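Here are my notes for your first read of this fold. Keep the viewer open and follow the points in order.

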Amino acid sequence: MKILAFESTCDETAVAVVEDGRKILTDQIFSQADLHAVYGGVVPEIASRCHVESISLLAQRAIEAAGIGKDEIDAVAVSYAPGLIGAVLVGVNFAKAVSLALNVPLIPVHHIRGHIAANYLAYPELEPPFLCLAISGGNTLLVDVKDYTEMEILGQTRDDAAGECFDKTARVLGLPYPGGKPIDDLSKGGDDSKYVFPIGHVADHPYDMSFSGLKTAVINLVHNAEQKGEELDRASLAASFTKAVSDSLVPRTIAAAREKGRDKLVVAGGVAANSRIRADFKAAAEENGLTLFVPPLRLCGDNGAMIGAQGYYEFLAGTRAQSDLNAFATMDLDASYGE
């Protein structure tokens with residue numbers, strides 16, 4: 001089964017063709033990062049307009065790159081939530097038009113379910129159940145993946161997402177947007193014990209997280225140093241910050257996996273590209289006898305292939321949308337389409 005998949009929830013326009021949920025025939029991505037870098041973050045209006053300008057050409061390019069005809073497409077999948085509402089609407093409306101024109105089913109896919117499914121593309125042997133940590137610019141979730149379309153949220157951030165914290169820290173350090181890779185590169189030359197940052201805890205909810213205090217602590221440290229004319233060890237600050245994020249994520253994830261009796265551990269989303277976090281999870285998984293699955297860097301960020309992968313399993317579960325499919329800025333991961 002060949003699925004034409006669309007992703008436009010933030011600042012990447014992505015179109016892919018995925019076969020049987022596991023094989024990428026093509027994955028075309030147009031990144032707007034350079035356009036937003038001057039503003040230090042994504043400007044929703046610019047993102048939406050760029051999606052409009054690029055999505056049609058990208059779709060045509062994807063079909064040609066896959067080496068198939070339009071008549072070989074069996075279904076269309078699209079990320080319909082969560083995300084920047086204007087950006088999501090572009091992908092949803094274009095996908096609806098393609099589905100209608102080709103007379104094939106339309107499959108709505110939750111964006112974070114797509115991130116989880118990126119691991120199916122990288123690891124053909126991976127099957128549920130497993131415990132997953134989804135970490136990205138807008139979401140930080142601990143998820144018990146019971147089946148391909150049955151998931152339970154065990155914990156989540158109460159405020160900022162881990163990825164947002166990376167971007168804000170990069171900005172205050174004068175690093176370019178997006179901040180994940182610049183902080184990763186900078187931190188490799190630093191001492192992660194030089195600065196001590198807080199790790200948020202939520203009373204009576206051990207798997208919930210909070211990153212607003214960490215973000216504030218970094219900003220205050222930098223501003224205080226500037227006001228006093230003191231020079232900061234930027235590399236060590238980046239390393240200490242990354243350690244604080246990892247120390248918030250890794251122990252909770254391991255504890256959740258042990259409580260649920262899962263022997264497979266999956267990490268997904270853009271922040272999963274961070275080398276320190278990947279290394280800490282590898283060490284923790286080995287120590288606790290867990291099999292770790294982390295996608296290759298090209299599948300950590302937003303892409304269309306992950307939507308096509310999850311779209312296949314949503315299709316098998318009977319999930320379909322009609323021409324009244326709408327976009328949503330927010331939506332729970334464990335909510336079924338139409339609820």
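**Notes on the fold**

1. Strand S4 (residues 75–81) is joined to S5 by five bridges, and the two strands run parallel. Find Ala81 and look across: His110 in S5 stands opposite. Bear in mind throughout that this is a predicted model.

2. A reminder on pairing in general. Strands of a sheet pair through backbone hydrogen bonds, and the pairing is either parallel or antiparallel.

3. Return to S4 and S5, where five bridges hold the parallel pair.

4. The axes of H4 and helix H10 (residues 304–316) come within 7 Å and cross at roughly 95°. Angles from 65 to 115 degrees count as roughly perpendicular. That makes H4 roughly perpendicular to H10. Residues of H4 in the contact include His111, Arg113, Tyr120 and Leu121. From H10, they include Met306, Ile307, Tyr313 and Glu314. By class, the contact of H4 with H10 has nine nonpolar, four polar and two charged residues.

5. Move to the other five-strand open sheet. Its order is S8-S7-S6-S9-S10, with mixed pairing. Strand S8 (151–156) and strand S10 (291–293) stand at the edges. Each has a single partner strand, so one side of each has no neighbour in the sheet. Here the twist averages 20° from one strand to the next.

6. Check the pairing at S8. How do strand S7 (residues 140–145) and S8 run, parallel or antiparallel? They run antiparallel, and five bridges join them. Val143 has Ile153 in S8 as its bridge partner. The two strands are linked by a hairpin of five residues.

7. Helices lie across this sheet as well. H8 lies across strand S6 (130–135), S7, S8 and strand S9 (264–268). H8 runs at about 155° to S6. Helix H9 (residues 275–287) lies across S6, S9 and S10. H9 runs at about 160° to S10.

8. Follow H8 to one of its helix neighbours. The axes of helix H7 (residues 212–228) and helix H8 (residues 234–260) come within 11 Å and cross at roughly 165°. Angles over 145 degrees count as roughly antiparallel. H7 and H8 are therefore roughly antiparallel to each other. Their crossing is right-handed. Leu214, Val218, Leu221 and Val222 in H7 meet Leu237, Phe241, Ala244 and Val245 in H8. By class, this contact has eight nonpolar, no polar and no charged residues.

9. H8 also packs with helix H5 (residues 162–172), at an angle of about 170° and with the axes 11 Å apart. H5 is thus roughly antiparallel to H8. H5 supplies Ala162, Cys165, Phe166 and Thr169, while H8 supplies Phe241, Thr242 and Val245. These residues divide into five nonpolar, two polar and no charged.

10. Last, zoom out. The chain has ten helices and ten strands. Its C-alpha atoms fill a box of roughly 65 × 45 × 35 Å along the principal axes. What radius of gyration would a compact globule of 339 residues have? It would be near 20 Å; the chain has 20 Å, which agrees.

Methods: Residues are numbered from 1 along each chain as its sequence is written. This is a predicted model: local features need pLDDT of at least 70, side-chain atom pairs count only at pLDDT 80 or more; totals for chains, interfaces and linings use all residues. Side-chain values use heavy atoms; hydrogens and water are left out. Axes are lines fitted to C-alpha atoms, for helices over the stretch in contact, and angles run from 0 to 180 degrees between N-to-C directions. Helices (H or I, at least four residues) and strands (E, at least two) are DSSP runs, numbered from the N terminus. Angles under 35 degrees count as roughly parallel, over 145 as roughly antiparallel, 65 to 115 as roughly perpendicular and the rest as oblique. A crossing is left-handed if the near helix is turned anticlockwise from the far one by less than a right angle, and right-handed if clockwise. Contact means heavy atoms within 4.5 Å. Ala, Val, Leu, Ile, Met, Phe, Trp, Tyr, Cys and Pro count as nonpolar, Asp, Glu, Lys and Arg as charged, and the others, Gly among them, as polar. Two strands pair if DSSP finds at least two bridges between them. The radius of gyration is taken over C-alpha atoms; the globule rule is 2.2 Å times the number of residues to the power 0.38.
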